[in-house]
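Thanks for coming. I have one structure to go through, so let me put it on the screen.

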Amino acid sequence: MNECLFCRIAAREVPADVVHESDHIVGFRDINPQAPTHILLITKEHVSSARDVDEDLGKVLGELFRTAAHLARAEGIDEGGWRLVTNVGPDAGQSVHHLHFHLLGGRQMDWPPG
Ligand code: 5GP
Ligand code: ZN
């Protein structure tokens, strides 16, 4: 059995509040939201982090970015603005080692991030 949490969410073996699914990506609400909208966008294919992205993933990542923009509009956060962020490694605080992008919005956000 695959031990990766996000692979298991993508396979619907672990329940999640899924807001988007295609052949290549899944979007679901973060279990511990840090903003009024906090959606995680993942590739169905297991990739450990952004440092492991290769050219073959280009089309899927293009779809993922377009989906983020679509979801931002659907969530009503497009006008205010939103953030799309991926953490890589311990200094960035990556806790799940399956490539994912946080779509955050619905409040004013600080820069630089903590
Ligand atoms: P990271 O810290 O790796 O950038 O982000 C991992 C994110 O996954 C965290 O924001 C965390 O709240 C979220 N998360 C961890 N476990 C689960 C889970 O079982 N379900 C959902 N929906 N989110 C999770
Ligand atoms: Zn995985």
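By class, how many nonpolar, polar and charged residues does the lining of the largest pocket have? The lining has 9 nonpolar, 10 polar and 4 charged residues. Here Ala, Val, Leu, Ile, Met, Phe, Trp, Tyr, Cys and Pro count as nonpolar, Asp, Glu, Lys and Arg as charged, and the others, Gly among them, as polar.

Some housekeeping. This is a predicted model, where local features need pLDDT of at least 70, side-chain atom pairs count only at pLDDT 80 or more, and totals for chains, interfaces and linings use all residues. Residues are numbered from 1 along each chain as written, chains are lettered from A and ligands numbered from 1 in written order, and side-chain values use heavy atoms, without hydrogens or water.

Back to the pocket. A pocket is an open set of points on a 1 Å grid over the protein atoms alone, where a 1.4 Å probe fits, with protein on both sides within 12 Å along at least five of seven lines; lining residues have an atom within 4 Å of a point. Of its 23 lining residues, Gln34, Val85, Asn87, His102 and Leu104 lie nearest the centre.

Now the metal. Cys4 (SG), Cys7 (SG), His46 (ND1) and His98 (ND1) coordinate the zinc ion (ligand 2) at 2.0 to 2.3 Å; donors are N, O and S atoms within 2.8 Å of the metal, or 3.2 Å for Na, K and Ca, and water is not among the atoms, so sites may look incomplete. The arrangement is tetrahedral because the 4 donor atoms subtend angles of 106 to 118°, the criterion being four donors with all angles between 85 and 135 degrees. Along the chain, the donor spacing is C-x2-C-x38-H-x51-H.

Cysteine 7 is buried, at 11% relative accessible area, while histidine 46 is partly exposed, at 38%. Buried is under 20%, exposed over 50%, and partly exposed in between, with a 1.4 Å probe and protein chains only.

Methods. Four donors count as tetrahedral if all angles lie between 85 and 135 degrees; four count as square planar and six as octahedral if opposite donors are over 155 degrees apart and all others between 65 and 115; anything else is irregular.
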